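User: I would like to go through this structure with you. Could we begin with the contacts?

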Amino acid sequence: MKPFRIATFAACAAATVPRLAHRGMFVDGLTYASIARNLAAGRGSFWSPSYTATIYPQFHEHPPLGFWLQSLWFRALGDHLFVERVYALTAAVATAWLIARIWRRVNDSPDIREYDWLPILLWMAVPVVSWAIVGNLLETTVSIFTTAAVAAIIEAERGGGTTSSIGWGIFSGACVVAAVLTKGPVGLFPLAGPVIFFLISKTRRVWACLAGQWATVIVCFVVLSSVAVARSSLTQYVNNQVLPAVSGQREVSASSLTIVKELLQNVVLPILVVGGLMVGAARRFVAPLPRQVATAASFLVLGLAATLPIIASAKQAGHYLVPAVPLYALGAAGILVPTAASVAERIVSRHRGSAVAAMVTAALLLVTIGAAWVPALGRDRARLADLDAIEPSVPRGATIGICPESNGDWGLHAWFERRFLVSLDAATAAQPEWFLQTGASPPCSPVSCAPATDPSRQLVLLKCRRP
């Protein structure tokens with residue numbers, strides 16, 4: 001299986017590395033990186049992170065654990081644009097390792113265990129997974145904790161006695177708490193895992209795991225609610241984000257079934273395409289054994305447990321599915337593994353296994369390296385060029401005035417905070433020392449301000465005279 005593992009690694013690299021190599025990033029990822037960098041620099045605290053001096057000086061739109069974890073990387077590596085990218089890639093590698101570990105634990109046959117690359121391939125075949133990784137989204141961190149929580153349940157079900165199962169349950173519960181402290185209630189779904197796996201395996205050790213898991217979650221949240229600063233932070237998060245999202249007072253999706261549509265189009269369809277290619281290569285579909293079907297069903301049901309509750313929220317998006325995708329990939333791999341084995345046997349039987357894998361790997365790596373050096377594939381190219389042009393003149397750590405029409409440009413706020421530690425203020429009462437004029441808004445700068453950078457660009461930095 002080594003050639004297939006290498007080819008899978010190359011496919012994962014091709015899906016992520018080229019976009020990680022570019023400087024552009026999704027605005028949410030820029031925001032989260034800025035908050036993490038600020039924490040590393042001593043701006044804000046664990047329970048009260050800070051974004052900018054003018055936009056969310058106290059950021060309670062999400063729980064704080066994900067920002068704090070990424071801040072450790074900034075403390076260790078310094079303030080560089082590659083830090084959040086290395087963090088996101090490491091989180092993806094950790095999730096892939098957990099997927100492989102789960103696969104090897106739930107399959108008794110040594111021959112089937114060797115196909116641990118298959119669920120990883122299906123996981124990365126879902127476009128939203130690589131998009132979340134390169135976008136530095138919180139779901140990438142949540143996936144580590146939720147997948148680890150499921151892995152602990154499997155260890156409890158497959159492991160030794162009651163004491164061992166309780167221990168794994170406690171670890172699983174701690175991972176659930178960490179997932180919730182990263183992105184909120186979407187991290188709770190592994191709590192259903194012991195019940196779902198019991199329905200399949202009938203192993204009573206699962207109930208010991210359930211007791212340890214639920215007890216840990218309850219104790220942790222009781223402790224958090226008794227600490228004033230933690231209670232205040234989480235209460236503000238619930239009031240600012242969770243309740244408005246559920247009631248439709250924040251961003252509202254086009255349909256209450258948006259998440260189901262995203263599941264079918266962006267998760268199920270890509271996995272079906274990969275499965276169809278395997279069936280075509282094998283020239284037949286090889287039916288899995290009943291035990292494999294039962295195990296696959298348990299993962300698919302747990303994936304639905306992670307997905308369907310999102311319907312309760314009026315705010316739904318495709319990347320909310322990312323923590324559930326490892327489960328769908330494991331379930332689909334359980335169904336497809338006999339067919340994948342047939343494909344592998346056809347390749348190897350013709351003495352071309354290593355050669356084919358080497359050619360596929362080389363092609364994928366060449367695409368990866370080439371795409372990393374193609375500027376046209378990057379995000380925010382025009383804005384980055386403007387930022388490069390004004391960079392020598394931007395006063396680090398300052399607050400710069402902007403037109404009210406530009407205040408809703410969240411990418412503008414994110415880039416100035418991330419690159420220059422600059423806060424943008426559209427409501428400056430006093431005469432600003434610096435002012436930013438954007439081509440997207442009509443001129444509104446004070447008459448005492450004169451361009452300090454190229455006035456022909458979309459972003460023009462002005463220096464203002466004090467009255």
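Analyst: Among contacts in the chain (heavy atoms within 4.5 Å) between residues at least 6 apart in sequence, 76% join residues at least 24 apart. This is a predicted model, in which local features need pLDDT of at least 70, side-chain atom pairs count only at pLDDT 80 or more, and totals for chains, interfaces and linings use all residues. Residues are numbered from 1 along each chain as its sequence is written, and side-chain values use heavy atoms, with hydrogens and water left out.

User: How many helices and strands are there?

Analyst: The chain has 18 helices and seven strands; these are DSSP runs, helices being H or I with at least four residues and strands E with at least two, numbered from the N terminus.

User: What share of the residues is buried?

Analyst: Of the 467 residues in the chain, 52% are buried, meaning under 20% relative accessible area, whereas exposed means over 50% and partly exposed lies in between (1.4 Å probe, protein chains only).

User: Now Gln58: where is it, and is it buried or exposed?

Analyst: Gln58 lies in the loop between β2 (48-49) and α3 (65-77). Gln58 is exposed, its relative accessible area being 52%.

User: Which residues does Gln58 touch, leaving aside neighbours within four places in sequence?

Analyst: With those set aside, Gln58 is in contact with Ser48 and Pro49.

User: And how far is Gln58 from Tyr320?

Analyst: They are 262 residues apart in sequence, and their C-alpha atoms are 24 Å apart in space.

User: Last topic: what does the C-alpha trace span?

Analyst: Along its principal axes, the C-alpha trace of the chain spans about 80 × 55 × 45 Å.
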